[in-house]
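Here are my notes on the chain, with the sequence and the structure placed just below.

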Amino acid sequence: MEARWYQSEANAAAWQYISSGQGNPLIVLPTGAGKSIVIALLIRQAVEWGQRVLVLAHRKELLQQNAEKIERLTGLHVGLNSAGLKQRDIDSAVICCGIQSVYRDAAEFGKRGLVVIDEAHLISDDAGSMYGQFLAELRKLNSRMFCVGLTATPYRTNEGSLCGDGRLFSGVCYEAKTGTLIEGGYLSRLTNNPADSQADLKGVAVRGGEFVAAEMERAFSGDDIIHAACCELTIACEGRNSVLVFCAGVSHAEQVAAALRDLTGQDVGLVTGETPAIERQRVLEDFRAGRLRWCVNVDVLTTGFDAPRIDAVAVLRATMSPGLFAQIVGRGLRMADGKTDCLILDFGGNLQRHGALDSDDYGVSKPRNADGSEAPSKVCPKCRAECVLSAVRCTECGHMFVREMDREPRHGSEMDTKSAIVGELPPQWYDVQEVHWHLHQKKTTPGKPPTLCVSYYVSDDTMPAGNLGWIVVREWVCFEHEGFALQKAFAWWDARSVFPFPASVAEAITALNHGSARKPSRLLVKREGQWDRIVQAEFSEEKPTMIRELTTAVNEFGEDCPF
């Protein structure tokens, strides 16, 4: 079993959290990041330490998927206990259980040291819930039993974080950001735009923190609305091979599937809660294998559905649940051969309603005004609690705010129509391994002065030792330009050399080739779109001395020495 760096870190963080006596930890990994490998790592270590393990999930497909992957990754036998799978193992050292099948029978499993809960966002903290009953009874057999939860969405709508006092999980022990894993090449890139055919939700009521289902479905229904949306969808998905469509209700899904068949002349799979099990299995197998290009569903394929080929996700519904929207988007995050990115086409204003998945306040319940509208707010950087904008101290953990944290509400009266699903990545430090440079002249603008292109070959602590697949970060230094670009070039040279400022790129290259400027040892880099911006450079050596470098240059160049 070869674990990626973040999977190994997640496993180590969970055991560190448990061994330090902090309670039950929660691991947060985006959909497609390989939670099964983390589960396998946890189980292998627990079994090596003589512990017996249960893995709990809520759907038979997820149970079977986990069992197969754990066996393949660890070599351990994994039992199954699920009425839907017609298996009833209670004796194996490692068992994957369907909570609906076992919640009354905890005592039958005997003493267990570790319980791993997949899709932990679906758990209720109510002691009378199925999970609550089962874990309480299991803990009677072993008071030292620990639970580790895994989820992509560590919060519930209107309830906030899954972690805290009185909850099953004490805290998040490890979290990997979606954007970080995309940049690392572990998840598919996302491209997104709000659709033009947006549904009108003004008259749709919200009850219990979610849109009223019947009213929301009506907002997305009607021949004209469906035809416009499906026309836009077929055009936007031209060249896409595997399109997953989320609809607002069963009737809406049937109409959308029919419209897509008429527009494309292609077969369209349809899966709802009313679809017979055999038909559902056939549709999903055909969709996964690429025999079906389109698959329309209603609240069925939001969690635990693994189809890496999906390269377009159409959201023809609206939701107030950030967790549900994150799960919908997550269907397109898995990597596959020939897949370059996944299009997220949103018809329900969800991108603007929830913002970027990597935002610190994504999924956090918002303070409300007396009329129910969202109040200006800010997020505590320590515990992620949402506080009113004027708060001096966090009401949850007591953290003192500073004025720089005060900001406008994330969603004002004018929504940002270009909200990105994955937010901006924070700057990251890299170690510089090599530095190369060359003269760069744009072919499209031959009249403009050339620039010095500097390529830094960098690595970070997530890369294996001895790895030569370094990241390349580039910057362009404008020695022959004017204005602000020239000022930046002066600052760049002054940080590296005591020699006079070069009059041209050619002179700069001559000086650099003869060691007249020091090279940075570390760079703080911020990703901005498809480009990298160097925020800060650190140097571990002094600037080269004038006397030594002049002597070297004169000896080599003689009368042609540029200095």
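1. Let us begin with His252. Apart from residues up to four places away in sequence, His252 touches Glu217, Phe220, Ser221, Ile226, Cys247 and Leu316, where contact means heavy atoms within 4.5 Å. His252 sits in helix 9 (residues 250-264); helices here are DSSP runs of H or I with at least four residues, strands are E runs of at least two, and both are numbered from the N terminus. With 1% relative accessibility, His252 counts as buried; the classes are buried under 20% relative accessible area, exposed over 50% and partly exposed in between, with a 1.4 Å probe and protein chains only. Its side chain reaches the backbone nitrogen of Ala248 at 3.0 Å.

2. A word on what you are viewing. This is a predicted model, in which local features need pLDDT of at least 70, side-chain atom pairs count only at pLDDT 80 or more, and totals for chains, interfaces and linings use all residues. Residues are numbered from 1 along each chain as its sequence is written, and side-chain values use heavy atoms, with hydrogens and water left out.

3. Now the chain as a whole. It has 15 helices and 25 strands, and 49% of its 563 residues count as buried. Of the contacts between residues at least 6 apart in sequence, 67% join residues at least 24 apart. The accessible surface comes to about 27,200 Å², and carbon and sulfur atoms hold 49% of that; the areas come from the Shrake-Rupley method with a 1.4 Å probe, and for residues only the protein chains shown count as cover.

4. Please take a look at the open sheet of eight strands, whose order is 4-3-5-2-6-7-1-10 with mixed pairing. Its edge strands are strand 4 (87-88) and strand 10 (171-175), each pairing on one side only. Two strands pair if DSSP finds at least two bridges between them. Strand 1 (residues 25-28) and strand 10 run parallel and are joined by four bridges; Ile27 has Tyr174 in strand 10 as its bridge partner.

5. Two helices lie across strands of this region. Helix 1 (residues 5-19) lies across strand 1, strand 6 (114-118), strand 7 (146-151) and strand 10, at about 155 degrees to strand 10. Helix 5 (residues 130-141) lies across strand 2 (53-57), strand 6 and strand 7, at about 170 degrees to strand 2. The axes are lines fitted to C-alpha atoms, for helices over the stretch in contact, and angles run from 0 to 180 degrees between N-to-C directions.

6. Helix 2 (residues 35-48) is worth a visit too. Its 14 residues reach 20 Å from first C-alpha to last, close to the 20 Å expected at 1.5 Å a residue; the expected span is 1.5 Å times one less than the number of residues. Helix 2 is mostly covered, with ten of its 14 residues buried, among them Ile37, Val38 and Ala46. Gly50 follows helix 2 and has a positive phi near 85 degrees.

7. Strand 14 (residues 243-247) pairs with strand 17 in the parallel sense over five bridges, and Val243 stands opposite Ala312. Strand 17 also runs parallel to strand 18 (residues 341-346), joined by four bridges, and Val313 has Ile344 as its bridge partner there.

8. Ser455 lies in strand 22 (residues 451-459) and counts as buried at 5% relative accessibility. The side chains of Ser455 and Arg474 make a polar contact of 3.3 Å; the term means a pair of N or O atoms within 3.5 Å, where within protein one must be able to donate a hydrogen and the other to accept it, and residues adjacent in sequence count only if both atoms are side-chain atoms.

9. Lys86, which is not a glycine, has a positive phi near 55 degrees and counts as exposed at 76% relative accessibility. Asp299, also not a glycine, has a positive phi of about 50 degrees and lies in the loop between strand 16 (294-297) and strand 17 (312-316).
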